[in-house]
Amino acid sequence: MKKLIIPFLLLAALVSAQPSYTGPMPVPPADTRPDTLRRAYHARVDETLDWYLHAIDPAKPLTREQALVKLVRGQDAAAVSQRIIELLSVPQSGDMFWMFPWTAIAFTGRDQLSPEARAAIREAWRTYFPMRGDTENHWVMYYASLFLMTELYPDDPGETWFNGKSSAENHVEAKGFLLHWMDLATTIGQGEFNATHYIGEYAIPMLYLAAWAEDPAMRQRGRMMLDLLMAELADNTLHGVLRGPNARTDDTSVLERWNALATYFSWTMYGHTPPPSGYGGWGIYFAIAAHHYEPPPLFHLIATDREFDREQRDHKRSRRRWRYSDVEMMPVYKTGYIRRDYAVGSYQGGVTDPIQAHVWDVTWREDDPRGVHNTMFSVHPHASARVLQMYFTEYPDWMIDLLASQGKPSYGVPDKILGCSPYEQVFQDLDTVIALYAIPPGENFQRVNGFFSRNLRDVTEDASGWIFARGGNAYLAYRPLAPYTWDELLGYRQLPRGNSGYAWERFRPEGPVDRILVSPHANNGTIVQAASADEFESFEAFQSAMRALPLEFTLEPRPTVKLTTLRGKKVAFTYGETPVVNGQPVDYSRWKLFEGPHLNAGLGSRKITISHGRQHRVLDFNTVTTSDYVTP
Amino acid sequence: MMKTLSRTLLPLLLLGGLPACAAPAHDLYLFGAVNVTGRVIGSRDVAKNGVFVRTAEGGFAHRGINYPAMLGGAFDPRDARVFHVAAICGVLTTTDGGFTWRIGTGWDMTEPKAVAVDPNAPDMVYAALPDGLGVSADRGHSWARRENGLPARGKYTQIVTVDRTAAGRVFAGSETGIYLTEDAAQNWRRVFPTVDTVTDIRQSPHDPKHWLAVSQSAGALVSRDGGLTWAPLAGIPHQQALYNVVFDPTRAGRIAIASWSLGLLTSEDDGATWVFRNDGLPEKHRVWRTAVDPDNGRLYAAIDGGALYGSDDFGRTWRPFGMEDSRIQSFVFVPRAQR
C-alpha cells in the first residue's frame, strides 16, 4: 500500500492525476437502482475522458487520443481538424491498431471536422495498407473497422481503398467474417476467452459496431456481443479482478491479477475495483464511445454479488491450429468456482494458445489488489518450436529466439510461470485442482514450477507433504507430488529497445520476492485445495483437516491421484484418462456452451441466457434479438 | 526513404556496383522487409517494406505500398507489370508493376506462403495456404479452393511450384509430403510422404525432369523423373530445417541450399557432395533465402536480420549488397523481355 500512497501524493499535485487509479478502493454502491448505476457508469466514462483532456499540454501538439477526446466533447473542431491533417501527413503504421482509432475519429468527427480533415482521413484509407494480422482479435479489429468505414463511404470504387476492393466488396467481406466469428463464439465458444488484455481488442470493435453501424442487424449484433463479453467478465471476476484460466495473459497480469486491461472494463462497467494505470492504455478507445452503451443492472449484480458460492462451466476453443494436429480447434472445457474470498478456475490442460495461455489458478481476494500477486498455480515450462508451428505459419528454428525480441521474454526460460503445456492435464472439482504432468524425454525442461507469491502469509512446509499458506482470507494447501527445491522468481526488466527489438534483463525485485517451487521430475503433479478462513476455527484446524483427507498417489508409470476433497468428493485422476468423481467418469461430451447460475446456453445454440436471481437477459443470435424478462 | 536508399545503395557504390560490362537481362525483385528485428503486428514502421527492385546502380529501391509481410511473388509471363504476391492478408495482385494492389482473396484464405503462375496457362495462379490450396483462374481476381485429394487435416502447404513443361502440372509441398496435380488442381495425389513440412520444391532449369525439394526434417529430396518419385539426397543434414533450394541457371550441377540454423550449403557436382559456404558470412549465418542470378551466376545469401550477401565464386567469398536488418523472403528474376 505504501508504494501506492507515495505516487498518489505526487500525482495529487498534478492536474492530470488519475483519480480512481490512485484513490482508495471503490466501494460497490449499496443503491443498485438502474438510474444510480447508470449515473455512476457514465461518471467513470467521463473520468477517463477528463483525464485525457487534463493531460493536454498547450505547448505540445495534441496526440491522436487527445484529438479524439476533444471531438467527443465537441471542443476546438478547427484546431483538431488541423491536427488530424498533420497526424496523417506522415507515413502511417499500426495495422489494425491504426484502423480502429481512425474509424473512431472518422465517426466522432464526421459532423465536426473540416472537409479537409475528413478528406485526409478518407485518403489515408487509400494510401495506408494495414495488415490484417494473424490472430482472431486482429481480424475482429480489422473487419469491424472496415465494415464501418465502408458504411461511411458506401459507394466508392476499388481504387479508393487500400486493398483495391470497392466499398461494396469490402463490406460484404467484413460482414462475412464478423458473422462467422460471432457464430463460432455463440456455438462452440470464444477462442481468446477471458483474455486479461485482449478483451479490449474485442470489446472496442463491438462497441463501435453497436454505436455506429448503419446496418441495424450488425448494430444489434455488436451490442449483443458486447453484452456477452461484459457478462462473462462480470461472471469471471473476483471483485473486479479477472482470474484464470485465460486463453491469453502476460507475465505481469498472470501474477498481479488486477493489473490488466480487463480491470479497466471491470471498473468502467461495475466500479468495484480501481482501473489500471492510464486506464489500461487502450481504455480510452472504449471510453470515447462508451456513452453509447450501458451494461444492464443485472450484469452489475453478477459482478458484485459474491455472497453465494457458484460453479460455472463453459465451452471454449483453442487458437486455430494450422498443422500437426488432427483438430482445427481443440475444445476447451472450462470450470470456474467463485466464493467470496477466492476463486478457482481451470481448463483441462493442453495447448490453447502456445505462448500466453494460463491453465489454472487459485486467486484470492485482497482488500486492495493493487500491487498484490494474489494467485497460486503450477506449470510445466514448455517451449517447443513444433508446437509454435501448429499455431503460426512460420519456420521452426528461429521462433523461440525471436519471441523475446518481440516482447515475450519468458517463453524459452526454465523458470517461466506463463504458458501451457501439452504435458499437463488438469481436473477441478469445486475448489480442488489436480494438475498432472508426464513430460517426455527430450523436452527442454524436465520440471514443474509452482508459483508461491510474496504476498502469501504463514507458508508452512508440513511433514505430511502439504504446503500450507494463507492468502487474503483464504487458506491454501499445495501438495507437490515429487521432491522440490525453492528458487526466487526474478523479474524481467525491459532494456532500451535497440536494433535487436525488445531486450530484457532478469533482476531481483526489491523487497520480498515471489518464489517458485521447482520440482525437477518428469512424472509429476500438483494438488491444490482452497478454503475460506471462515470455515475453520483456525489455520491449524484447516491444516488438520487437510492432513486427514484420504490421499493416494503414484507417479509411475503414469501420475495417478486418488483424493477425497475437502468437500467430500472422491476424485480419481490418472494422466491420460478421464477423471472420475464419486465413481462416475466426467462426461465432457455433455459440456454446454455455458452452464451455471448466471450464464446458460446449449452448445451450438446461439442463444445465451444471462441471469441473476429473477432477472434475465436472453441474447438470441438466431433471431438477432435481446429480450429481458423477470421471473415472478 | 532517403535513409533507406542510402543505406542500401552505399555499399554498392563503395564496391563499384555491378560489373560495368553487365547489362542484366533480368530485373531482380526482392520481397521482404527491413528493420525486421523485434517487429510485431501493429508496430510503428520506420522504413518501407514489401517490394524492392534492383536499380541500375545495383542497389534496391522500394516500390509501392509499405507492406512488411510479403513472402513471395509470381509474375505473369505475358506482362511483368502483372504479378501476384503471397502476403499475410492474402494474395495481392498488381497490374502496374507494384504501385497499386488488389487483394483477390477474401477472409476465408489467409497467410498464403507462396504463389505460382502457370507459364503455359498464365491466367492460372496457385497459392499455398496454411489450410490447403487456393486457385485463381482469372489472373488473381477471384479465388477458390481446389483440394480434392489433399487430406482433410495435414494440408498445411508451404510451397507451390508449376512444371514449366506442362500446363496444369503443379507440385505442392505440405506438412505431410509432396503432392502432385496434373489437371490444374482438380485432383491431387501424394507422391512423397513426410512427417514435417516440405519447405521448397524447384525444377532444374537445365533438365525439366530433375527436381529438388527441401524440408523441415527430411533433408533434401531429389527426383529425376519429373517429380513422380523422390529420394533423399545424401550428404545433407536433416536435423535442422532447410528453407530453400536453388539451381544455378548459368551452370548445370551447381545447387545451393539455405538454412537458418546451418547457413549455406552448396554442391557443384549435381548434389553428389556438399560444402558449407559460411566463411565470410556474419557469425550468425542465418540464411533465410538463397538465389542465383541468371545473368552472371552470382550466388546470394539473405541473412535473417542481417544484410544481403553476394558471391561471384559460388560461396567461396562473400561481400555485402545492402539491405541491412532485413528478412528477404524471396528473389524473383524477371526477364526484361517481359517488360
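Modeller: Domain bounds come from an automatic or database domain assignment. Keep that in mind while we go through this predicted model.

Colleague: Which domains does the assignment give for chain A?

Modeller: Domain 1 covers 2-295, domain 2 covers 310-542 and domain 3 covers 599-630. The centres of domain 1 of chain A and domain 3 of chain A, taken over C-alpha atoms, are separated by 25 Å.

Colleague: How many residues does each of these two domains of chain A give to the contact?

Modeller: Two residues are in contact if their C-beta atoms lie within 7 Å. Here 13 residues of domain 1 of chain A and 11 residues of domain 3 of chain A take part.

Colleague: Which elements give two or more residues to the side of domain 1 that touches domain 3 in chain A?

Modeller: They are helix H9 (167-187) and helix H11 (216-236) of chain A. H11(A) supplies the largest share of that side, with 9 residues. By residue type, the side of domain 1 that touches domain 3 holds 6 nonpolar, 3 polar and 4 charged residues.

Colleague: Now the whole chain. How many helices and strands does chain A have?

Modeller: Chain A has 17 helices and 28 strands. Along the principal axes, the C-alpha atoms fill a box of roughly 75 × 55 × 55 Å.

Colleague: What percentage of the residues in chain A is buried?

Modeller: A residue is buried if 20 or more other C-beta atoms lie within 10 Å of its own. In chain A, 53% of the 632 residues are buried. Another way to read the fold is by sequence separation: of the contacts between residues at least 6 apart in sequence, 69% join residues at least 24 apart.

Colleague: Next, a sheet. What is the strand order in the open sheet of 6 strands?

Modeller: The order is S8-S9-S18-S13-S12-S11 (chain A), and the pairing is antiparallel. An edge strand pairs on one side only; here the edges are strand S8 (424-429) and strand S11 (457-461) of chain A. Neighbouring strands of this sheet are turned by 15° against each other on average, direction ignored.

Colleague: Over how many bridges do S11(A) and strand S12 of chain A pair?

Modeller: S11(A) and strand S12 (residues 467-471) of chain A pair over 3 bridges, in the antiparallel sense. A:Thr460 has A:Phe468 in S12(A) as its bridge partner.

Colleague: Which helix packs on the sheet?

Modeller: Helix H17 (residues 539-547) of chain A does, touching S11, S12, strand S13 (474-480) and strand S18 (523-532) of chain A. The direction of helix H17 of chain A makes about 35° with that of S13(A).

Definitions and conventions:
Residues are numbered from 1 along each chain as its sequence is written. Chains are lettered from A and ligands numbered from 1 in the order in which they are written. This is a predicted model: local features need pLDDT of at least 70, side-chain atom pairs count only at pLDDT 80 or more; totals for chains, interfaces and linings use all residues. Helices (H or I, at least four residues) and strands (E, at least two) are DSSP runs, numbered from the N terminus. A residue is buried if 20 or more other C-beta atoms lie within 10 Å of its own, exposed if 12 or fewer, and partly exposed in between; C-beta atoms are placed from the backbone. Ala, Val, Leu, Ile, Met, Phe, Trp, Tyr, Cys and Pro count as nonpolar, Asp, Glu, Lys and Arg as charged, and the others, Gly among them, as polar. Two strands pair if DSSP finds at least two bridges between them. Axes are lines fitted to C-alpha atoms, for helices over the stretch in contact, and angles run from 0 to 180 degrees between N-to-C directions.
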